[in-house]
Amino acid sequence: KSPGYYENMLENHDVVYNFANITINSLNDLKKEKYADLVEEFLDDFGIRKLLKKNSCGLGDVLFCLQHTRIVPRKRIDFALRYTYELFSKLKEKKMKKAVVFFISGHHGDEGKYYKTQLIKLNKKLSEQYNTKKFFLVFAEDYAHGDHHFEEYPMIFSKLGGISTYFSEIEGFGNNLLEVLSGGLIPVVYTYPVFINDIAKYKFNAVCLNKFEISKESINQTIDIIQKNRKKKEWANKNIKILKNQFSHRIFSAKIKRAIIRKRTHV
């Protein structure tokens, strides 16, 4: 109907990636009272304080791990559990941690109902295999959330000194990944195709796996991040800076504005 329109569309376009709602400028912002209150509410709302007290664990004894995704097979939470159990075993050997809280923040939906059951069974199996009763698998959807919002979890886990797992085998640009980074968490990531093609070039700091294999190298890298607060802070602050410069609402609005005011070729 409009000769040349398709060619013009290919020539005159822009790419807008996912963007993050950046609420902290650095890890230092998490020292503010409101984030301390968020953590206190989280520990109470999800029964974690009672759980730790029952198992004679203080907050400093616990590795908090956030799986900030929905419960569906392509997110490979099964591998995340295997990875975190192995990580926990090494942390115990080094007398660094006595327990793990592995928290899945998303819901299962119809497609993930059976997968959730599989994860519960796998957790029980791994608990026996690693001879521990202090690896706690927590599903956010099993609790009344109180006033917590999904996007707050990365900041809560960052405040608790935790890490994040993100082992999706098939994924888009990864909005949940950007949320994790914007909260100051360092993720352990599987480098899925879109990550390699479109995300890696921004040089985010993360522990990256190119295979679904638990290597000594990646475990040691993760322990290094857990152990070295200064390094964690440097990595997290650089990630937040990249997000602000490349994936903020400001960047998004500028591209939309350009699209609106640019000279039209189809009229």
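In this predicted model, Leu 63 has Val 100 as its bridge partner in strand β2. This pair belongs to the contact between β1 and β2, which run in the parallel sense and are joined over six bridges. Strand β2, formed by residues 99–104, is also joined to β3, again in parallel, by five bridges. Val 100 takes part on this side as well, standing opposite Phe 135 in β3. In general, the strands of a sheet pair through backbone hydrogen bonds, and the pairing is either parallel or antiparallel.

These strands are part of an open sheet of six strands with parallel pairing, in the order β3-β2-β1-β4-β5-β6. The edges are formed by β3 (135–139) and β6 (207–209), each of which pairs on one side only. On average, and with direction ignored, neighbouring strands of the sheet are turned by 20° against each other. Helix α4, residues 77–93, packs on this sheet and touches β1 (62–67), β2, β3, β4 (163–166), β5 (187–190) and β6. The direction of α4 makes about 160° with that of β2. A further helix, α9 (residues 216–227), lies across β1, β4, β5 and β6. Helix α9 runs at about 165° to β6.

The pairing of β4 with β5 is parallel and extends over three bridges. Within this pairing, Ser 164 has Pro 187 of β5 as its bridge partner.

The burial of the strands was examined next. In a regular strand the side chains alternate between the two faces of the sheet. In β2, Ala 99, Val 101 and Phe 103 lie on one side, while Val 100, Phe 102 and Ile 104 lie on the other. Both faces of β2 are covered, as these residues are all buried. Because six of the six residues of β2 are buried, this strand is largely enclosed by the rest of the structure. Although β3 is an edge strand, it is mostly covered too, with five of its five residues buried. Phe 135, Leu 137 and Phe 139 point one way from β3, and Phe 136 and Val 138 point the other way. In β5, Pro 187 and Val 189 point one way and Val 188 and Tyr 190 the other, and all are buried.

Helix α6 contains Ile 156. The relative accessibility of Ile 156 is 1%, so this residue counts as buried, the limit for burial being under 20%. Apart from its neighbours within four places in sequence, Ile 156 is in contact with Leu 38, Val 39, Phe 42 and His 148. Ile 156 is also 8.7 Å from Leu 30, C-alpha to C-alpha, although the two residues are 126 residues apart in sequence.

Leu 30 is in turn one of the residues that line the second largest pocket. This pocket holds about 220 Å³ of space. Its lining also includes Leu 27, Asn 28 and Lys 31, together with Ser 158, Lys 159 and Gly 161. Asn 229, Lys 232 and Lys 233 complete the lining. The elements that give two or more residues to the lining are α6 (153–159) and α10 (229–246). Of the elements, α10 gives the most, with three residues. By class, the lining of the second largest pocket has two nonpolar, four polar and four charged residues.

Most residues other than glycine have a negative phi. Arg 76, which is not a glycine, has a positive phi of about 55°. This residue lies in the loop between β1 and α4. Lys 203 is likewise not a glycine and has a positive phi of about 60°. Lys 203 is found in the loop between α8 (193–199) and β6. With a relative accessible area of 58%, Lys 203 is exposed, since exposure is assigned at over 50%.

Methods: Residues numbered from 1 in each chain as written. Predicted model: local features only at pLDDT ≥ 70, side-chain atom pairs only at ≥ 80, totals over all residues. Heavy atoms only, no water. Pairing = 2+ DSSP bridges. Helix = DSSP H or I, 4+ residues; strand = E, 2+ residues; numbered from the N terminus. Axes fitted to C-alpha atoms, helices over the stretch in contact; angles between N-to-C directions. Contact = heavy atoms within 4.5 Å. 1 Å grid on protein atoms, 1.4 Å probe; cavity = no way out; pocket = protein on both sides within 12 Å on 5 of 7 lines; lining within 4 Å. Points joined across faces, edges and corners; volume = space filled by probe spheres on them. Nonpolar A, V, L, I, M, F, W, Y, C, P; charged D, E, K, R; others polar. Buried < 20%, exposed > 50% of the residue type's maximum accessible area, 1.4 Å probe, protein only.
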